[in-house]
Amino acid sequence: MLKRKATDNIIKWIQSKDKKCLIVQGARQTGKTYIIERFAEENYEEFIEINFKQTPSAMDIFTGDLTVDNMIMAMRFRFPEKKIVPEKTMIFLDEIQECQEAVTSLKFWAIDNRFDVIASGSLLGIDYKRASSYPVGYVDYLRMYGLDFEEFLWGMGISEDMIRNLCNYFQSKTVIPEAIHSQMMNYYRQYIATGGMPEVVQKYIDTKDFREVDWIQRNLLQGYQYDIAHYATAEEKVKAEKCYLSLAKQLLDKENHKFQYKEVEQGGRAQKYFSSVEWLLRADMVHLSRLVTNVSFDLDDYARDDFFRAYTTDLSLLMAMKDFSLKQHIVENTLAGNSKGGIYECAIADALYKKGYPLYFYKNETTKKEIDVIIQKDGQVLPIEVKSGNTRASSLKSLMKSHKDICCGYKFADSNIGASEDRIITLPLYMIAFI
């Protein structure tokens, strides 16, 4: 069983005094159902699981009066073998987006508060037209992602003590012993080639066979394409799929990683495809990094919605969009050209997205200055340049000279920890895990 950080967040929710229902959001196949099932089995005497996609007839439980007593009575008839006891039973409503009445019922479960109720769904965001019926104020939210690099290391057998020692190098900004640094870069390249989807990571841990990994990655990508075909409106189906499958070309095959509609189809324009990108965003299939016209707090004030980079929500899916040889080049560190810089930028963006940071970037066409990723942390702007080697971060250096209010910037590179210069801290790529 892969250890996941989300388990700790579920425990915090259980222990909270002002308990509500919990909605676990996130892209499909990120491990939401598995984590909830394992947690319930280990912590409750009884567990009721209803998957509305798998068992649509279970929607009958939520017809009529949505009082907790009525719903519990209906569950007892449907699951006569279950002892549904208050305080000792978890109720899990999976793929809840398929049953709007079940979504509405969360308010009454929360008010009653005799049962712990968790709901989950992979495509909750696409039902935005009925968002007003969500039980606002009666639910807490937890967003789940694919595995981050630290969780990947746990799966590979790296202990928390070893990771804590690595974090000490980050905090003290001291050079990491070369044997440790070299091994960590090897692990990081394996992680990039594998991605963070739990099924993919588990297969890699079990077999160390990238052919097996590749097969699962491509199956997952097909599943995402099926979701587009099944859930997108008729006018969006083809357009959304074209936008999605263009991401590898947008991010790895060209120097400018800005999302360009002409890469979707020849002569493509925002007027035709912008709504498709919006659909992919609501469906948790992409996340965006927006251009800012000024690198100052608050970045949202300077962000442009019409100028962005679009990333897959996990590296596993990006890998599936390219030939198998990409994984080989990543692991063997033989990548060259735009792909090498592009893949490391994607990995850094992936790590920050999984930490919950909104992402931004800066580009000045006149001066040719560009900052790959910018986040806000503790009320401060934090600019980041990503280097596939250990070349100079000239754009970041120029920014730090002109913005004395920025306390520091990071250069993540395929190198060891470097001395701070002009408030720029050089870190190995894998240390993004500690930001």
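**Around helix α6**

I looked up what follows α6 and found K173, whose phi is positive, near 55°. This is a predicted model, in which local features need pLDDT of at least 70, side-chain atom pairs count only at pLDDT 80 or more, and totals for chains, interfaces and linings use all residues. Residues are numbered from 1 along each chain as its sequence is written, and side-chain values use heavy atoms, with hydrogens and water left out.

Helices here are DSSP runs of H or I with at least four residues, strands are runs of E with at least two, and both are numbered from the N terminus.

I then checked burial (under 20% relative accessible area is buried, over 50% exposed, in between partly exposed, with a 1.4 Å probe and protein chains only). I163, L166, C167 and F170 are buried in α6. Its buried residues fall within an arc of 105° seen down the axis, taken from the directions from the helix axis to the C-beta atoms, so they line one face of the helix. Their cover includes α5, α7, β11 and β13.

**Cysteines**

I searched the whole structure for disulfides (pairs of cysteine sulfur atoms within 2.5 Å) and found zero. The sulfur of C21 is too far for a bond, because the closest cysteine sulfur, in C99, is 14 Å away. C407 is in no disulfide either, with the sulfur of C408 nearest at 4.1 Å. C21 is buried at 2% relative accessibility, whereas C407 is partly exposed at 47%.

How values were computed
Contact = heavy atoms within 4.5 Å.
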